[in-house]
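Try each task yourself before reading its solution.

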Amino acid sequence: MPKQESGGNEKRVVIVGGGVAGALLAKSLQFNARVTLIDQKEYFEITWACLRAMVEPSFAERTAINHKDYFTNGNLVVSSAVNITETEVLTAGGSNIAYDYLVIATGHADPVSKSRIDRLVHYKTENRKIASAHSILIVGGGPTGVELAGEIAVDFPDKKVTLVHKGSRLLEFIGPKASDKAMKWLVSKKVEVKLEQSVNLDVAEGSKTYQTSLGETIEADCLFLCTGKPLSTSWLKETILKNDLDVNGRIKVDEFLRVEGRNNIFAIGDVTDIPEAKQGYLAQKQALMVAKNLKLEMEGGRDCKRETYKPSSALAIVSLGRKEAVAQLPFVTIGGRFAGLIKSGDLFVGRTRKQMGLEP
Ligand SMILES: Cc1cc2nc3c(=O)[nH]c(=O)nc-3n(C[C@H](O)[C@H](O)[C@H](O)COP(=O)(O)OP(=O)(O)OC[C@H]3O[C@@H](n4cnc5c(N)ncnc54)[C@H](O)[C@@H]3O)c2cc1C
């Protein structure tokens, strides 16, 4: 294990999951404790920028960040956590890692490349797939499907893009006004949107013909599935936390984001049962709060100074290509260039890199 400077505090903090929440927590605590970050992959990825990387692969050079670049004073274990006990985390690679504090931040199960280099190659391959296709089918009209359709419609306006969504409106995680604006924008870019239909994906290998549940036929040279991913909490089902998962597999937490009834086990990010939209900026907020509270606690601070977490109302910006977006803000929903100015140019990549202590 690499030597760590720990500022005289020797508490062992183990973070499982190096995504939006876990990576920021590891970065924030690395000089205050002996931090171990366990992640399935060697790098942290700015998830909300990965669709841009599909139309512009070089974008991923800034959005896939080796953990070692921002986590310079801790132990990195590249493996899957498979079990936890009252004192240790066990990994698929056979390590038993002892903790004083444990933070679970495993987000969604996403079988992406383990190495950053392979991830960059993946984006080049996806880009070639798009560039060589005449027609593209996107299944799923949530933020991922809508943003991908937007990226392709703007960067490859000659492609025939069809977006199929089984719900009655796009972007169901936010309000109907945002759905309408996204729908109008996509239609204005000649994206064919089919609502209340699903696509039969059980087709012969190499087939380019798809049937929808309403019997429509769609011809597509390439297909992107944007139907959402399961939470990565199933690995907890046989652990000491098996009774702390709700029916949806979310981890039940208290107002300090501690697993209910536990003093030294926390959960942050998409895995928690906090009643709010699962968003990266909220995962970051939770990571910063837990970092602050843990620092206080490790320094022997008083309980009354600890922050509590309050759920936020749905606020979201869905980019529509490079310049436009639809934004649901506290009192208004806006679309077009003004909304795009907030997010769509750099997709908060510079800001996120800066937050991780890196060159924007
Ligand atoms: C395409 C897309 C666009 C988005 N756009 C936005 C946006 O514009 N704004 C916004 O706020 N949010 C956005 N989000 C949502 C945001 O990305 C998530 O809310 C955020 O990533 C949640 O962070 P997390 O740390 O909980 O999980 P993740 O970022 O998913 O990280 C989980 C980490 O845990 C690791 N892991 C999983 N299981 C294990 C295991 N057993 N052992 C070890 N490691 C494990 C994974 O490898 C990963 O590194 C978007 C998401 C997507 C997919």
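**Exercise 1.** Is Lys190 buried or exposed?

*Solution.* Start with the cut-offs: a residue is buried if 20 or more other C-beta atoms, placed from the backbone, lie within 10 Å of its own, exposed if 12 or fewer, and partly exposed in between. Next, take the count: Lys190 has 12 C-beta neighbours inside 10 Å, so Lys190 counts as exposed. Then place Lys190 in the chain: it lies in the loop between α7 (176-188) and β12. Helices (H or I, at least four residues) and strands (E, at least two) are DSSP runs, numbered from the N terminus. Finally, look at the backbone: phi of Lys190 is near 70°, a positive value in a residue other than glycine.

Two notes before you continue. This is a predicted model, where local features need pLDDT of at least 70 and side-chain atom pairs count only at pLDDT 80 or more, while totals for chains, interfaces and linings use all residues. Residues are numbered from 1 along each chain as its sequence is written.

**Exercise 2.** Now treat Leu347 in the same way: is Leu347 buried or exposed?

*Solution.* Count first: 24 other C-beta atoms lie within 10 Å, so Leu347 is buried. Then find its place, which is the loop between α9 (337-343) and α10 (349-355).

**Exercise 3.** How do the axes of α1 and α8 cross?

*Solution.* Two packed helices are described by the angle between their axes and the distance between the axes. Axes are lines fitted to C-alpha atoms, for helices over the stretch in contact, and angles run from 0 to 180 degrees between N-to-C directions. The axes of α1 and α8 come within 8 Å and cross at roughly 30°. Angles under 35 degrees count as roughly parallel, over 145 as roughly antiparallel, 65 to 115 as roughly perpendicular and the rest as oblique. Therefore α1 and α8 are roughly parallel to each other.
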